[in-house]
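Here is a quick walk through one protein model, written for someone who likes to check numbers against coordinates. Have the viewer open and follow along.

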Amino acid sequence: MTTYFEVKKKCALCGAESTFEVIGSSSSFGSPDLDLRPPLLLRSAIDHAVEVCPKCGYTAGDIEEETKVKPEMMKVPAWETFDGIPFKDELSKNFYHAYLLAAAVDDQKTAFTMLLNAAWASDDEKNAKAALACRKKAIPFLNQVIEKEEERERRLTLEVVRADVLRRAEMFEEVEKLYANWSCGDKLLNQIIKFQRRMAKMKNSKCFTVQDAL
Ligand SMILES: [Zn+2]
């Protein structure tokens with residue numbers, strides 16, 4: 001079960017106060033997807049992973065949090081054109097806005113997370129074109145995040161996530177190139193990578209869960 005509560009938040013950019021629903025607690029059942037998207041129940045939480053200030057349009061995971069974003073960063077062509085990505089739903093667009101701002105202030109981790117969320121939201125809308133474009137765009141950010149990650153376990157997990165993002169972006173050859181000799185001490189992660197390589201060879205870009213890979 002997922003519980004929500006309402007909080008008043010003050011926009012870090014314009015100071016306007018507005019009310020948002022935030023997640024109190026959540027439980028989930030089932031197997032996550034191979035890019036670590038949580039299983040069913042938690043999926044609905046995606047609606048709450050991005051906030052938009054109703055006054056100035058500032059968009060972020062938490063609009064109250066201190067930020068280097070400046071209002072003029074929202075006055076770029078991509079804010080309206082979405083760089084040509086054919087989004088159909090508001091949620092995907094909101095994530096893309098949050099990505100644009102994170103990229104503008106060089107926050108690669110948030111840029112990656114927001115693009116992956118935009119891809120998930122587009123998956124839910126069966127908008128395959130938009131989802132694919134978001135994953136393609138997410139890869140360079142993910143590469144930088146991986147490069148900077150010093151903690152070994154986290155780095156390995158991110159590398160496993162990257163195999164999925166690449167495959168679902170139909171970059172099948174990249175999967176083989178990067179992961180042909182990939183292995184670590186973790187049996188589960190090795191199994192997932194083996195599965196990803198097998199699916200990439202079949203040019204299969206579908207969504208799979210961790211359970212599918214075992
Ligand atoms: Zn605002």
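Predicted model: local features only at pLDDT ≥ 70, side-chain atom pairs only at ≥ 80, totals over all residues.

Ala78 sits in helix α2, which covers residues 77-81. Ala78 counts as partly exposed because it has 16 C-beta neighbours inside 10 Å, and a residue needs 20 or more to be called buried. Once you leave aside the neighbours within four places in sequence, Ala78 is in contact with Asp83 and Leu100.

**Overall layout**

Zooming out, the protein has nine helices and four strands. Reading from the N terminus, the order of elements is β-β-α-β-β-α-α-α-α-α-α-α-α. The C-alpha atoms fill a box of roughly 50 × 40 × 35 Å along the principal axes. How does the radius of gyration of the protein fit with a compact globule? A compact globule of 214 residues would come out near 17 Å, and the protein has 18 Å, so the two agree. Buried residues make up 33% of the 214 residues. As for contacts with a separation of 6 or more, 56% of them join residues 24 or more positions apart.

**The nonpolar core**

In soluble globular proteins, nonpolar side chains tend to be buried together. Here, the largest nonpolar core has 50 residues. Inside that core, the residues with the most contacts are Tyr99, Leu115, Ala118, Cys134 and Ala138. Which elements give two or more residues to this core? They are α3 (90-104), α4 (108-124), α5 (128-148), α6 (152-168), α7 and α8. The largest share comes from α4, with nine residues.

Setting aside its neighbours within four places in sequence, Tyr99 is in contact with Ala111, Met114, Leu115 and Ala118. Two of the names there, Leu115 and Ala118, also turn up among the residues with the most contacts inside the core.

**Where α7 meets α8**

Helix α7 spans residues 172-179 and helix α8 spans residues 187-201; their axes come within 9 Å and cross at roughly 145°. The crossing of α7 past α8 is left-handed. On the α7 side, the residues at the contact are Phe172, Val175, Glu176 and Tyr179, and they meet Ile193, Gln196, Arg197 and Ala200 of α8. By type, the residues of this contact divide into five nonpolar, one polar and two charged.

**Two loop residues with positive phi**

Which loop holds Glu170? Glu170 is in the loop between α6 and α7, and its phi is near 60°, a positive value in a residue other than glycine. Glu170 counts as partly exposed because it has 15 C-beta neighbours inside 10 Å.

Lys203 also has a positive phi, near 50°, and is likewise a residue other than glycine. Lys203 lies in the loop between α8 and α9 (210-213). With 10 C-beta neighbours inside 10 Å, Lys203 counts as exposed.

**The strand end of the chain**

Glu6 is in strand β1, residues 2-10. Is Glu6 buried or exposed? Glu6 is exposed, because there are 9 other C-beta atoms within 10 Å. Apart from neighbours within four places in sequence, Glu6 is in contact with Thr19 and Glu21.

Lys55 is in the loop between β3 (51-52) and β4 (59-60). With 13 other C-beta atoms within 10 Å, Lys55 is partly exposed. Not counting residues up to four places away in sequence, Lys55 touches Cys11, Cys14 and Ala16.

| Pair | Apart in sequence | C-alpha to C-alpha distance |
|---|---|---|
| Glu6 and Thr19 | 13 residues | 6.5 Å |
| Lys55 and Glu72 | 17 residues | 15 Å |

Definitions and conventions:
Residues numbered from 1 in each chain as written. Axes fitted to C-alpha atoms, helices over the stretch in contact; angles between N-to-C directions. Left-handed = near helix turned anticlockwise from the far one by under 90°. Contact = placed C-beta atoms within 7 Å. Nonpolar A, V, L, I, M, F, W, Y, C, P; charged D, E, K, R; others polar. Core = buried A, V, L, I, M, F, W, Y, C linked by C-beta atoms within 7 Å. Buried ≥ 20, exposed ≤ 12 C-beta atoms within 10 Å, placed from the backbone. Rg over C-alpha atoms; globule rule 2.2 N^0.38 Å.
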